[in-house]
Amino acid sequence: MSKTKVLIVEDYRPLVETLEYQLKRAGYEVYRAADGREALNQAKLYLPDVVVLDVDLPILSGVEVCKQLRSDATTKDTLILMLSALGEESDQVVGFAVGADDYVVKPVESYKVLLQRIKALLRRREPSMDDADAISRCGVTVDRRRFVATIEGEAVKLTKSEFRLLDTLIRQPGRAFDRSELVDAALGEDTMVLERTIDVHVRALRKKMSEHADLVETVRGIGYRFREE
């Protein structure tokens, strides 16, 4: 069986060397890139399963690299874990909005935790399927088999986490989901994040839903629900 491939995109050498050591020790095949342009070249050449992507990079920023990876057919499904010294909620919103699957704030205090987050990403790589592949409510359609969401017939470009979040909510309209339930459903049971992280995903989802944003309602003190028809 081939090893899982991880591309580390980071220009701070001590962090790269430590992370590379930890990943190789855990059995991963590791590649390195020190700037945004090299990252894109390496990603297309080696087709990694996971990209650990620093935001502050020379030549091309991590945000731009993430955008280009998502827009390229050969790398659009690559798992992307962003690393950044910028820990504000607005910074995380930007990361998730351009397609990051996870966001870790530097400095990395525990490499064991970081490795667990990579493993969690890999475990939820493919969406689960059941007999009810597509469902439509209030002009919004979610199709699990095609992994496509549309609003009034127009496709909406969602990240995997946003898609799972919308899919979870729309299948039980009127039900109030608490944040921990939505973290498990949208991000995976093994994901180790603050429950408030789901708020970042909801804001990004609502922005993409535009005039239909109010279908995702806030339930004060609990979490969120999809509006009943």
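Colleague: Which residues point one way from strand 4, and which point the other way?
Modeller: Leu79, Leu81 and Leu83 point one way. Ile80, Met82 and Ser84 point the other way, and all of these residues are buried. Side chains in a regular strand alternate between the two faces of the sheet.

Colleague: How do you know where such a strand begins and ends?
Modeller: This is a predicted model, where local features need pLDDT of at least 70, side-chain atom pairs count only at pLDDT 80 or more, and totals for chains, interfaces and linings use all residues. Residues are numbered from 1 along each chain as its sequence is written, and side-chain values use heavy atoms, leaving out hydrogens and water. Strands (E, at least two residues) and helices (H or I, at least four) are DSSP runs, numbered from the N terminus. Strand 4 takes in residues 79–84.

Colleague: What makes strand 4 mostly covered?
Modeller: 6 of its 6 residues are buried. Buried means under 20% relative accessible area, exposed over 50%, partly exposed in between (1.4 Å probe, protein chains only).

Colleague: Why is strand 3 called largely enclosed?
Modeller: 5 of the 5 residues of strand 3 are buried, so the rest of the structure largely encloses it. Both of its faces are covered. Val50, Val52 and Asp54 are on one side, with Val51 and Leu53 on the other.

Colleague: In which sense do strand 3 and strand 4 pair, and over how many bridges?
Modeller: They pair in the parallel sense over 5 bridges. Two strands pair if DSSP finds at least two bridges between them, so this count qualifies. Valine 50 stands opposite leucine 79. Leucine 53 has methionine 82 as its bridge partner.

Colleague: Which way does strand 1 run against strand 3?
Modeller: The two run parallel, joined by 4 bridges. Leucine 7 stands opposite valine 51 there. Strand 4 is also joined to strand 5 by 4 bridges, running parallel. In that pair, methionine 82 stands opposite tyrosine 103.

Colleague: What do strand 3, helix 3 and strand 4 make?
Modeller: They make a right-handed β-α-β unit, with helix 3 at residues 62–71. Right-handed means that, with the strands pointing away from the viewer, the path from the first strand over the helix to the second runs clockwise.

Colleague: Is aspartate 54 buried or exposed?
Modeller: Its relative accessible area is 2%, so it falls under the limit and counts as buried. Aspartate 54 is found in strand 3. The unreviewed UniProt entry annotates Asp54 as "modified residue: 4-aspartylphosphate". Such annotations may be inferred rather than shown by experiment; positions use the numbering here, and feature names are shortened.

Colleague: Which residues is aspartate 54 in contact with, leaving aside its neighbours within four places in sequence?
Modeller: They are Val9, Glu10, Asp11, Gly62, Leu83, Ser84 and Lys106. Contact means heavy atoms within 4.5 Å.

Colleague: What makes lysine 106 and glutamate 10 a salt bridge?
Modeller: Their side chains meet at 3.2 Å, N to O. A salt bridge needs a side-chain nitrogen of Lys or Arg within 4 Å of a carboxyl oxygen of Asp or Glu, so the pair qualifies. Lysine 106 lies in the loop between strand 5 (102–105) and helix 5 (111–123), and glutamate 10 in the loop between strand 1 (5–9) and helix 1 (13–25), so the pair ties together parts 96 residues apart in sequence. Both lysine 106 and glutamate 10 are buried.

Colleague: How many salt bridges does the rule give?
Modeller: The count comes to 18. Among them is lysine 24 with glutamate 20, the closest N and O atoms being 3.3 Å apart. Both lie in helix 1, 4 residues apart, about one turn of the helix.

Colleague: Where do arginine 144 and aspartate 167 lie?
Modeller: Their side chains meet in a salt bridge of 2.7 Å, N to O. Arginine 144 is in the loop between strand 7 and strand 8, aspartate 167 in helix 6, 23 residues apart. Both are buried. Elsewhere, salt bridges that share partners join Glu10, Asp54 and Lys106 into one network.

Colleague: In what order do the 4 strands of the open sheet come?
Modeller: The order is 6-7-8-9, with antiparallel pairing. Strand 6 (134–137) and strand 9 (154–156) are the edges, since each pairs on one side only. Strand 7 and strand 8 are joined by 4 bridges. Aspartate 143 stands opposite valine 148 in strand 8.
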